[in-house]
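Me: I would like to go through this model by asking what stands behind each label. Please set each value against its definition before drawing a conclusion.

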Amino acid sequence: MTLSTQNTYINSFIKNISIERSLFWITAALMLVAILYPASMAIRAAFFENDIFTLAGFERILQLDTIASDIWNTLMFSAGSMFGATVIGVSLAWVNARTDVPGVKAIEVFCVIPFFMSAFVGAIAWRLLFVPNAGMISMFLTKHGFPEILLPDIYSLGSMIFIQSVFYSPFMYLYAVASFRQMDPTLEEIARIHGAGNWNTLRKITLSVNGPALLSGMILVFVMSVGTLEVPMALGSAGGNYVLSTRIWALMNNMPQDVTAASALGMIAILIAAIGIIIQRKLLGNRKFTTVTGKGYKSKKISLGRWKWIVFTLAITYIIFAVVMPIVTLILVALQKFWTGSFSMQFFTWANFNTVLFEYDVTARAIKNSLFACSVAATISVIFALILSQIRSRNAEAFMGLLVLLPIVIPGAVFGMMVLFAFVKTPIYNTIFIIIFAYVIAYFYLAYRTIYSVRLSIHPELEQSARIHGASWFQSTRRILTPLLKPGIVSAWLMSFILFIREFSSVMFLYRHGTEVMPVVFFMLMERHSARLAAFMVIQTAILLLIMVIYQRFTSKNATGAAF
Amino acid sequence: MSAFLKVENLSKRYGDHQAIDNISFEIEEKKLFVLLGPSGCGKTTTLRCIGGLEKPDNGIISIKDETISNNEEQIFIAAEKRGMGMVAQSYAIWPHMSVFENIAFPLRMSKFDRNLLASRVEEALDMVQLKGLGTRNATDLSGGQQQRVALARAIVGRPKLLLFDEPLSNLDAKLREQMRYLLKEIQTEIGITAVYVTHDQSEAMGLGDELIVMNNGKIEQSDQAKSLYNNPKTKFVGEFIGTANMIEGHIIQKDSNSCKISLKNENSEQIIRARLSHNTDSERGVLLFRPEWISIQKGNNDDRENSIDGVIRTFQYLGDRSELIIETEFADIKASVTDDEEYVVGDKVSIKVNKNKAIVF
């Protein structure tokens, strides 16, 4: 080999590296702008009116007589849901990962469904069961002499917290179950040997060791609850229990519109989320629990003995509350000509499905819009995630850590408003692409983490040897990396799609006539036609369950855990 | 002396796999007892049954005549009530606790007097030579130090029985040797009875007052290290402990404890006299001898008794001894000699097998 050919080899190598790096940094910079620009527009909207700095927005919200109760409700709702979801999710995770409860596999599948079904759908179903004078269960109970006064008030803050907890607990579940499974079971066994019973082992070892992971999950549930419109709109608004997110939405959508005040409220919501995160960081300190694992003696699951069936019953109760009851309710309601509070064969009809699928233009359009927007957004997410998971340097990883964290800490409704501000003066404003943009940015962390975790498991030598044998960066990416990443790509795409199609809070700010996606139409139908609403929700749930089945076939459960 | 720990007819099955197959043994007080065997032989399962982490399918386990597990009487004392200490292979240091809290845990669980707790933990830290590291974050320590913390935690409550589950196998060779000495020293010093599981035979022989070699869930031999090496009772033990040359042949003559075995192929036959392992009845036998149970004679030799001819294939001088591989008609034989003789690769030699040491199975 002559010196000059060697030089060309080196040159082409450097050139390839720079393609790889510049592609990374350009995409990363784009993503950062896509987050920071909307955020800056929202800050601007909160502090400027007609290009003049002002605190008028804050003054106006302070004059609202509801401001104190809105903030109080937000705090109660978010903190309550966080604890509720944690108790349910962590218990289910512990039971599934560490005990010998019967039917673990089936329980496991059902435990994650509620989150993907969306809390809005769940809340509507529960509303159909318990709405005063017309709820299926409340009517049944009062008819049989149950005192009306003891019926739960479905519109109350307590009910909101309960339903939010039930439908966000899968999130905690996924965090906890992954963490429990990764833990060296010897940590528990050694505690047992040295005198700790089941309770002490659970409290002092299992929960404490997994504390950091659980805390991360908790704070995410908190921030998501601060920003959600789902349960607050389905239940809270009707009962007069406003939270910050619903108030922001009202200020933006009701006449007279007050953009400045809405943005100022958005700043308060971000502040609450930020305080939550600061508390979490304080509690966490700089603890990172890395443990040395041994030969991996197959961990013996905790024998529950006669408690086995009690625990099993509790798990099944959860599944009935969170999955079976909502779906059955929606199906029953969907099969009625009109909904009177109880199912009657007299009013049986298939017509609602026909109407929402083919006759009613808004619903038919929404299905098309949803499928289009979610597929495009999922594809973009996966491509970006592929590019951004390429580089493994300290700088790149720190940057990506920040990049995926930012949208998570911004409450969903506030995020929707930000995106609206960013595009309001551009042609994109009236198109579905504003929704696609919101989907990609809000949930990018999921596609990224899924692909990145698969990427990490691929040894760099596999690519290096391809490069040494003459493949360019592009060739080695296409021929070596992409096939190996395929499971990650498929699961990232499907998981993104599932999260997009159920996304409610941000799109409520972003749709226009003609660009409605399915959750938006849920809202439109909510107070108008229960039976059609139910039929439409059944259709969305069916699409989601179908994709979940495909997802389950393609990936192992561990990939889901890694993504969160 | 009466037995301290008694295991009788212990069995444990996982699905189709018989992990422990009806084994019984006894341990005397203050002794270190090693369970040795290849992976999957049932040694760890046995240890876990003693600790209460596994429930046996059958059998009785008792300490000082107090039954802790008896399937027939449906007695199964929970792990936390057995008063034992354990060191695991993975160290199992709790990452959310300081070194001090890790070690104090067994004392806190047994409601140990709070005023004496700190001094007791310090004493344990001192014993494992980690004095002054109590406030450190447990996971900031090196692997070797973590293993010491695990040891301190296991002994701090003065358990009735100390369980070791391959405690040294995650350490590098040098640390492993240091820890071996420390461990033995502490065990003798505080006079504690211990059960030690390992697959490493040099660890086992160095540490164990008494050893059990296990294979396929059964006990192959229970003995002291010296006997296991010099008088293996089964072919498995002979092969598993130390290095062994094994050649198949026919037993042509036998009396109560010695025999003659004929090694034969198409070209030649050689008769070797050796000890007879008592559990052989068949005609076919296997001659087993260790690399140092021979002497090497150079060139052609008139003394043909108990000798096998061969050619030197490799020769390594190792200072305290020399190791050779000698190619013979029947097998390649590993030899170890302590003389300072020069051996040249390709030279013809004859190997004289020590008839008082070699064994036929």
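Me: What share of the contacts in chain B with a separation of 6 or more comes from residues 24 or more positions apart?

Reply: Residues 24 or more positions apart account for 65% of those contacts in chain B, where a contact means that two C-beta atoms, placed from the backbone, lie within 7 Å. The model is a predicted one, in which local features need pLDDT of at least 70 and side-chain atom pairs count only at pLDDT 80 or more, while totals for chains, interfaces and linings use all residues. Residues are numbered from 1 along each chain as its sequence is written, and chains are lettered from A and ligands numbered from 1 in the order in which they are written.

Me: How do you know how far the prediction of chain A can be read?

Reply: The pLDDT is the predictor's confidence in each residue, from 0 to 100; its mean for chain A is 86, and 92% of the residues reach 70 or more. Over residues 290-297 of chain A, however, the pLDDT is below 50, although this stretch has 17 contacts in the model beyond near neighbours in sequence. Where pLDDT is low, the predicted coordinates should not be read in detail.

Me: Why is Y448(A) called buried?

Reply: A residue is buried if 20 or more other C-beta atoms, placed from the backbone, lie within 10 Å of its own, exposed if 12 or fewer, and partly exposed in between. Y448(A) has 24 C-beta neighbours inside 10 Å and therefore counts as buried. This residue is found in helix α19 (residues 433-457) of chain A, and, not counting residues up to four places away in sequence, Y448(A) touches A385(A), L388(A), S389(A) and V404(A).

Me: Which elements give two or more residues to the side of chain A that touches chain B?

Reply: Across the interface, 26 residues of chain A are in contact with 26 residues of chain B. The elements giving two or more residues to the side of chain A are α8 and α9, and α8(A) gives the most, with 6 residues.

Me: What makes β4 and β5 of chain B a pair?

Reply: Two strands pair if DSSP finds at least two bridges between them; β4 (residues 58-63) and β5 (residues 66-70) of chain B have 4, in the antiparallel sense. I63(B) has E66(B) in β5(B) as its bridge partner. The two strands form a hairpin with 2 residues between them, and K64(B) in the turn has a positive phi of about 50 degrees.
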